[in-house]
Amino acid sequence: MLNLNKSALVALLLSALPAHADTLSRMAGSWSGDGWARQVVDGPQEPVRCRLTNTFDEQKQRLEISGRCAVPGRQLTMAGRLDGQRGSDRISGIWFNPDGLGSTNVSGTQGAGRITFAFSAKDPQTGEPIAQTVEWRLSGGSLDLVTVDRADPEKQMSQMTFTK
């Protein structure tokens, strides 16, 4: 029978958990996916298809994101980066969508196969504030993305599933 003291048991359990940087590195690769998104909280869900190319820099603990999405009648470009911090679950970065919100800073956390970050911006057409929380979750061979309105988290703004 295996006899572990409390310290050894804690160390064993912690070693089974993925490292913080592992979450960012596991999101690297070429992904394609589809789902839906809406432009405004009470707007209709529009079908969307995307292709992402994510690269991870181990030295910088940085995930670079580049992609294109198609919704009925138009295509969108997006890019960004998420920077991890060694020994911390904190992430920060920048998100860039020249066809929409422009450039905005993001900050959040990572761990256990998920990244959650928030951003705030102004709608370039209306000037209205936009504040959303984004969650990317690795599940088996897929990457699931869900975005919610921060003022009303029950209101989903997008839901997509990507595969490599």
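Buried means under 20% relative accessible area, exposed over 50% and partly exposed in between, with a 1.4 Å probe and protein chains only. Keep that in mind as you open this predicted model, where local features need pLDDT of at least 70, side-chain atom pairs count only at pLDDT 80 or more, and totals for chains, interfaces and linings use all residues. Residues are numbered from 1 along each chain as its sequence is written, and side-chain values use heavy atoms, leaving out hydrogens and water.

**Stop one: the aromatic rings**

Select W95 and W136: both are buried. Together, W95, F117 and W136 make up one aromatic cluster. Rings of Phe, Tyr and Trp (its six-membered ring) pair if their centres lie within 6.5 Å; planes under 30 degrees apart count as stacked, over 60 as edge-to-face and the rest as tilted.

A search of the whole structure finds three aromatic pairs. One of them is W95 with F117, tilted, with 6.3 Å between centres and 40° between the planes. This pair links strand 5 (residues 90-97) to strand 7 (residues 114-122), 22 residues apart; strands (E, at least two residues) are DSSP runs, numbered from the N terminus.

Next, look from W95 to W136: this pair is edge-to-face, 6.3 Å centre to centre and 80° between the planes.

C50 is buried at 4% relative accessible area, and C69 is buried at 7%.

Technical notes:
Helix = DSSP H or I, 4+ residues; strand = E, 2+ residues; numbered from the N terminus.
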